[in-house]
Amino acid sequence: MENKTRGNWGTRIGFIAAAAGSAVGLGNIWKFPYITGMYGGAAFVIVYLLFVILICIPVMNSELLIGRLTGKNPVGAFKELVPKSSWWIVGAMGVLAGFIILSYYSVIGGWAVAYIFKSGAYMAAGAGTEQANVFVNFITSPIAPIVWHAIFMAICIGIVMAGIEKGIEKYSRILMPSLVVLLLILILRSVTLPGAGKGLAFYLNPDFSKLSAEGILAALGQAFFSLSLGMGCMITYGSYLKKDSNIPTDSYWISGADTLIAFLAGLMIFPAVFAFGLEPGAGPGLTFITIPAVFASMGAIGHLFGIIFFLLLTVAAITSAISLLEVVCAYFIDEIKWDRKKATLIMGITIFLLGVPSSLGQGVWSGVKILAGRDILDSLDFVASNILLPLGGFLTLIFIGWFWGTDKAIKAGNEGSKGPITLGNGYRFLVKYVAPIALFIVFLMKITEF
């Protein structure tokens, strides 16, 4: 029975837009293009797609069907499926991961919002090393980044507070098409620059000699984390699904949209970077230093494209952040019986406060090291991304495949579904054997980085 007090998605396309938005984040815009180029271009993309199909879609199917069947948050879902057991801890790991990730993700989202308005500063800095100074001076400031962090969180709180259909779904249906349009505008400009062909060759030509064991693991890790798996997002979003939704089909659409946008991001970034003879860079350096340098090299028109680019980053960050906030709020709405307004305000403000040390850790608290020499932000990221997410995903698969049972999962996933695609023996084999083994290997490899 659909839970009208919690809300439901109004339309299928609204759900897919929201779930794809959850998957599409800052990592799609900078990390996917960079590691694709680093590990053999098209060769990496082929391996990445295989992992999406063989590992990520089975996990997504599992999380969505758990959510739809129970109509509960990640903790409540496991409690309902197996009462009086300890499996609810797996759901709690997802809620905790969402809480931690959003605290520092919002800080970086705030940087993106700020750079929409700071385009004049990086234009004035030109295309040289001054770009790095603009960025470093900004993030090490004790006040400005926290203000932008607060603005970013306020946007997320406003959207989530409005509810599922009138908040998350409504704005996702606006933000996701906007993101694609902004991407296409930047791609059109990027690929028409003189010398852009070198960037396209770097990105698209398969070079299997670069596809090492490390590259294969990077493909699996990027595919899993990019699709918002293991953090409770898909269980939570699945809990708002109508009972006649086709979970396997929706999983393909969500995964396809996320992969397409990540791939398009590479078409946007590499032609422009190579056209101006810059190094591809990595991480925030590529996003906030190298790319602004490209725009500064374009002259006056670069100012406009800079604004468009950071609007794109902001949209990508917001669509992911609202799903993380919803995971946390759904727990307090379901389990603690808070109303949506109270849950969103209290948890939004709490998450903002937790993010303040991550911001200060870039500057006045830069000397504070927590895990193996990592600063505050990187330490939180390590705990969430390298421990909670892969372990949560692995345990979810063990639960479905070996404890609760794939027969029940297949029945729950297919029951009431409209459409030709259903869960079957392929799903059973992947969930019981292939996906958990692969995720456990990723977990072991990540944990050794400690």
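Mentor: Let's settle one term before we start: a patch here is made of residues with over 30% relative accessible area and no salt bridge, and nonpolar side chains are joined within 5 Å. Bear in mind that this is a predicted model.

With that in hand, the patch consists of Trp402, Phe429, Tyr433, Ile437, Ile441 and Met445, and together these residues have about 630 Å² of accessible area. Helix α19, residues 425–447, gives the largest share, 5 residues. Take Phe429 as a worked case. Phe429 lies in helix α19, and its relative accessibility is 48%. Partly exposed covers the range between under 20% (buried) and over 50% (exposed), so Phe429 counts as partly exposed.

Helix α19 also turns up in the largest pocket, so let's go there next. That pocket has a volume of about 1400 Å³. It has 48 lining residues, and the closest to its centre are Trp30, Lys31, Gln222, Asp381 and Ser385. Two or more lining residues come from each of α1 (12–23), α2 (26–38), α5, α11 (213–226), α14, α15 (300–334), α17 and α19. By class, the lining splits into 27 nonpolar, 14 polar and 7 charged residues.

The second largest pocket comes in at about 310 Å³. Of its 14 lining residues, Ile16, Ala20, Met176, Val180 and Ala257 are the closest to the centre. Here the elements giving two or more residues are α1, α9 and α13. The lining has 12 nonpolar residues, with 1 polar and 1 charged.

Searching the whole structure turns up 2 cavities of 30 Å³ or more. The largest cavity holds about 90 Å³ of space. Helices α9 (164–191), α13 (247–275) and α14 (283–297) each supply at least two residues of its lining. Among the residues lining this cavity are Leu186, Arg189, Ser190, Met268, Ile291 and Phe309.

Two or more of the lining residues come from each of α4 (74–81), α5 (88–117) and α17 (376–404). Its lining has 5 nonpolar, 7 polar and 1 charged residues.

Methods. Residues numbered from 1 in each chain as written. Predicted model: local features only at pLDDT ≥ 70, side-chain atom pairs only at ≥ 80, totals over all residues. Heavy atoms only, no water. 1 Å grid on protein atoms, 1.4 Å probe; cavity = no way out; pocket = protein on both sides within 12 Å on 5 of 7 lines; lining within 4 Å. Points joined across faces, edges and corners; volume = space filled by probe spheres on them. Helix = DSSP H or I, 4+ residues; strand = E, 2+ residues; numbered from the N terminus. Nonpolar A, V, L, I, M, F, W, Y, C, P; charged D, E, K, R; others polar. Patch = residues over 30% accessible without salt bridge, like charges linked within 9 Å, V, L, I, M, F, W, Y side chains within 5 Å. Areas by Shrake-Rupley, 256 points an atom, 1.4 Å probe, with all protein chains shown as cover. Salt bridge = Lys/Arg side-chain N within 4 Å of Asp/Glu carboxyl O. Buried < 20%, exposed > 50% of the residue type's maximum accessible area, 1.4 Å probe, protein only.
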